[in-house]
Structures are given as structure tokens and as C-alpha cells.
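Me: I'd like to learn how to read a few features of a protein model, step by step. Could you take me through one?

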Amino acid sequence: MRPLRRIAHLDMDAFFASIELLRYPQLKGLPVVIGGGRRKADEALLAAQPARDPRFIPVADFPLLKDYVGRGVITTATYAARQFGIGSAMGMMKAARLCPQAIVLPVDFDEVRKYSRLFKSTILEIAPLMEDRGVDEVYIDFTDVPGGQREGGRVLARLIQKAITEATGLTCSVGVAPNKLLAKMASEFNKPNGISIVHEEDLQGKIWPLTCRKINGIGPKADEKLATLGIQTIGELAAQDPSFLIAKFGKATGAWMHEVAWGRDDRPVVTSSEPVSMSRETTFERDLHAVRDKAALGAIFTELCNKLAMDLARKGYAAKTIGIKLRYDDFRIATRDQTLDGYTMDAKTIRQVAGQCLKRIPLDKKLRLLGVRAATLEKSEHLSKISEKDTFQLSNRAADQANNAQAAPERVANESPGDQLF
Ligand code: TTP
Ligand code: MG
Ligand code: MG
């Protein structure tokens with residue numbers, strides 16, 4: 001008899017922040033946020049005390065959120081900081097009002113990459129079927145791994161958790177379920193440092209009471225639309241006739257919503273670790289206006305495109321989709337993307353396509369942030385020679401992600417750690 005399918009989703013706890021706590025263990029248990037984008041603050045701290053071991057820098061010497069001046073957003077926060085209502089993607093100034101005494105540190109991408117590799121290689125030593133889903137999370141197929149069926153997967157999950165903590169000093173949370181969809185939800189149930197086991201028969205008790213937003217792939221827009229239809233929970237979604245959902249959301253999305261509400265998902269765990277997308281973005285020092293600050297904005301835009309092209313080249317990828325993201329001064333986000341007929345890794349082409357995307361966004365308000373993204377990636381070595389001419393015949397896909405509930409997750413995995421917030 002085929003063993004039951006058991007899929008785990010493992011996600012590191014407060015990843016970027018926990019990495020800083022390894023360097024500064026004296027901050028354990030305190031509210032700490034990561035954000036601001038630069039290492040200035042604690043470089044100054046260390047420069048002032050060059051001979052000192054970072055572990056012995058007094059807590060009182062660390063920069064506090066209340067003294068932060070700048071326009072960054074919070075990347076993540078320790079669980080102690082989350083008790084004050086602070087979370088990812090929140091503006092630093094807002095966070096400072098919620099918890100002025102929180103310590104603020106910048107992200108160290110080299111360390112993030114190091115620990116990301118380390119925890120993944122630790123898993124691979126125990127369970128060979130692992131799918132990389134970004135900087136701090138993976139799916140693991142437990143089905144045929146020793147211990148993977150015991151207590152629904154809890155025995156293996158515990159073993160992996162312990163191995164990761166021994167190798168890295170970091171904690172993670174694991175959900176084990178019949179498929180990826182349910183495992184992803186389950187890994188959040190007992191965060192931090194938790195394990196949660198979900199069986200098919202738990203659908204009604206554990207999954208249906210959750211809000212639809214908990215489904216990986218239902219983003220804010222789709223959630224809002226569901227709410228206007230009187231559908232708040234996954235159970236309510238499951239109770240809808242598929243034809244009703246199809247009428248409201250289109251054939252693919254409607255049918256997909258029905259399936260996921262019933263906990264069905266047969267996507268395999270894919271072991272290759274290809275990135276989903278790459279992106280570059282920046283928060284401006286001050287809000288910029290599309291017309292009045294055209295030159296400054298244009299220069300930043302070009303630089304982002306150049307950097308993105310370099311990222312692609314360095315990692316050996318070409319992209320078929322180029323997109324942009326911007327955040328207005330009222331914090332609202334707009335995205336647009338465009339799919340090319342061919343693949344490109346050329347900075348000029350990226351800039352031109354991104355520029356066309358920008359033209360499709362209303363630019364009446366000031367901007368805080370601008371980002372450029374490359375998706376539908378292919379290893380450049382797999383591509384036959386693509387001429388510039390080919391790459392630049394655009395097929396103008398009306399891709400307003402914001403108005404369109406996609407069957408794919410709205411927030412793509414974190415990708416490589418240098419790429420933020422797309
Ligand atoms: P998450 O796994 O979403 O968050 P987390 O690990 O910090 O906290 P949790 O315990 O809830 O899992 O993201 C992993 C890292 O990715 C996070 O530490 C920082 C980074 N990140 C961003 O850069 N931007 C974002 O919007 C989010 C959500 C995360
Ligand atoms: Mg995490
Ligand atoms: Mg994560």
C-alpha cells in the first residue's frame with residue numbers, strides 16, 4: 001500500500017531578526033526590529049568600540065526606534081516586538097509610535113545568505129526531497145523518509161527542528177499535512193518554535209474556521225472581494241457552489257478557490273531551487289513627485305534596472321516578465337508588469353519595458369518607493385541566442401495584479417535575500 005502523502009512546510013522564526021540575536025545575544029527577549037536598509041547605525045556602534053566583542057556592547061548603547069530618522073520599512077521584528085503590534089512591511093515611523101523603545105538594526109544580507117544555506121543543507125542531510133521556497137522557508141516531502149509517518153510526521157519534524165537549532169542556533173516552525181497548501185497554513189499555527197500536524201479529517205476543525213486570507217494565493221484584493229460576497233472564512237468559501245465562484249472570479253481562479261477551500265492540492269514538491277523572480281527596490285530619502293522630480297526619479301529608476309540586470313547576469317538568468325512596483329506617500333502600492341515575447345537580461349531593455357509599465361500607473365501622488373522586478377526566469381544557458389530585436393517585441397499583457405486574483409500566490413517567495421518585499 002502507498003504510504004499516506006505527508007508534506008512539511010518549514011519556516012524560520014523571525015529570520016532576519018533572529019540572525020542579529022546570534023550576534024548580539026544580550027538582546028534576547030527584547031523588542032528588536034530589522035529595517036532602515038543600511039548598516040550605518042550599528043557600524044557606528046562598533047566603530048565606537050572597535051576592540052569590543054559585539055556580545056559585550058551594553059544594551060543601552062543600541063540605537064532605538066524612537067531615534068530613527070529615515071523612511072524605511074520594517075523587514076521583520078522579534079516576537080517580543082510583535083507584541084506591540086509591529087510587523088513586516090510597516091513604516092518605521094509608525095512602528096516607533098507603537099514601541100519607541102524597540103532596538104533597530106539593519107539587515108546583514110551576507111549573514112542571511114549564510115544561515116539560509118546552512119539550515120537548508122541541514123535539512124537535506126535528513127530528508128532529500130526539499131523544495132526551496134525562498135530565503136527562510138522550504139517544503140519537504142516526508143512521505144518516504146524514516147520517521148516521516150510517525151505521529152503524522154511529528155517525529156521527523158522534531159528531529160529536523162533539533163538539527164537546525166544545533167547547526168545554526170536558530171529556531172523554526174513546521175507544519176506537516178497531506179499537501180503543500182495545508183502544510184503552509186499549518187506551519188503558522190504554533191509559531192515560534194512549534195510543530196503542527198494536520199490530517200485530512202482536520203479540515204473542518206482546523207482549516208475552515210480560518211479567514212480566506214490564510215490561503216497562500218488569496219491576497220488582499222481577492223479577500224476584499226470575497227468579503228463583499230459575504231465570504232469570510234475558508235469554511236464559507238467551501239460552502240459556495242463552484243459555478244458561483246467561477247462566475248465571480250473567472251474559470252481558473254474560481255475553480256482553484258473551490259479546490260483549496262476543500263483542502264485539495266496535488267502539487268508535487270519540486271526539488272530544483274530555481275528562483276521565482278528577482279527584484280530591486282528602494283525607498284526614497286524624501287517623497288518624490290513624478291513630474292517635479294522627474295530627473296531624480298529617472299536616475300534612480302535607471303540605477304534599479306542596472307542593478308537588476310547585474311543580479312540576473314550574476315545568477316545566470318534571463319527574464320520574460322518585467323514589472324514595477326511603487327508605493328505612494330499614502331502607503332498604497334501599485335504594480336504593473338509586462339511580458340515580452342523573448343527573454344532578456346539587458347539593462348536597457350529592462351529599463352524601457354519598466355518605463356512602459358510606469359506609464360500605465362497614475363502618477364498624481366508623490367512616491368515613497370520604487371521597485372523593478374524580473375519574473376518568468378530561465379537559466380540563460382538554456383536559452384538559445386536571443387537577439388535584442390526578438391526580446392523587444394512586446395505582448396502587452398494587461399497585467400494589473402492588483403485587480404486580479406491569481407491562482408498563484410500574490411506574494412512571491414522572498415527569493416534571494418538581496419531582493420526585498422515583492
Ligand atoms: P517571513 O518568514 O515572512 O517572516 P519571519 O521569518 O521574519 O517571521 P516568522 O516567524 O513569522 O516567519 O520572512 C522571512 C524573512 O524575509 C524575514 O525575516 C525578513 C524578510 N522579509 C522581507 O524582507 N520583507 C517582507 O515583507 C517579509 C514578510 C519578510
Ligand atoms: Mg519566517
Ligand atoms: Mg518565510
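Reply: Happy to. Let's begin with helix packing: an axis is a line fitted to C-alpha atoms, for helices over the stretch in contact, and the angle runs from 0 to 180 degrees between N-to-C directions. Keep in mind throughout that this is a predicted model. Here, the axes of helix H11 (residues 242-249) and helix H12 (residues 251-261) cross at roughly 140° and come within 7 Å.

Me: What does that angle make H11 relative to H12?

Reply: Angles over 145 degrees count as roughly antiparallel, and 65 to 115 as roughly perpendicular. The crossing at roughly 140° therefore makes H11 oblique to H12. As for handedness, the crossing of H11 and H12 is right-handed.

Me: How do I read the pair H5 and H6?

Reply: In just the way we read the first pair. Helix H5 (residues 109-126) and helix H6 (residues 154-168) have axes that come within 9 Å and cross at roughly 140°. That makes H5 oblique to H6. The crossing of H5 and H6 is right-handed.

Me: Let's turn to the ligand. Which residues are the closest to ligand 1?

Reply: Start with the shell, then ask where its members come from. Ligand 1 is surrounded by 18 residues, and the closest are Asp13, Phe15, Phe16, Thr76 and Ser88. At least two residues of the shell come from each of strand S1 (7-12), helix H1 (15-23) and strand S3 (74-77).

Me: Why does ligand 1 lie between domain 1 and domain 2?

Reply: Look at which domains supply the shell. Domain 1 (7-14 + 111-202) and domain 2 (15-107) both give residues to the shell around ligand 1, so ligand 1 lies between them.

Me: Now the backbone. Where is the cis peptide bond, and what is its omega?

Reply: The omega angle is the one to look up. The cis bond joins lysine 191 and proline 192, with omega about -10°. Proline 192 sits in the loop between helix H7 (180-186) and strand S8 (195-197).

Me: Are alanine 89 and asparagine 193 buried, exposed or partly exposed?

Reply: Count C-beta atoms within 10 Å: 20 or more others means buried, 12 or fewer means exposed, and partly exposed is in between. Alanine 89 has 15 others within 10 Å, so alanine 89 is partly exposed. Asparagine 193 has 14 such neighbours and therefore counts as partly exposed.

Me: What does the count give for methionine 12 and lysine 325?

Reply: Methionine 12, in strand S1, has 22 C-beta neighbours inside 10 Å and so counts as buried. Lysine 325, in strand S10 (residues 317-328), is buried, with 21 other C-beta atoms within 10 Å.

How values were computed. Residues numbered from 1 in each chain as written. Chains lettered and ligands numbered in written order. Predicted model: local features only at pLDDT ≥ 70, side-chain atom pairs only at ≥ 80, totals over all residues. Near = placed C-beta within 6 Å. Helix = DSSP H or I, 4+ residues; strand = E, 2+ residues; numbered from the N terminus. Domains from an automatic or database assignment. Parallel < 35°, antiparallel > 145°, perpendicular 65-115°, else oblique. Left-handed = near helix turned anticlockwise from the far one by under 90°.
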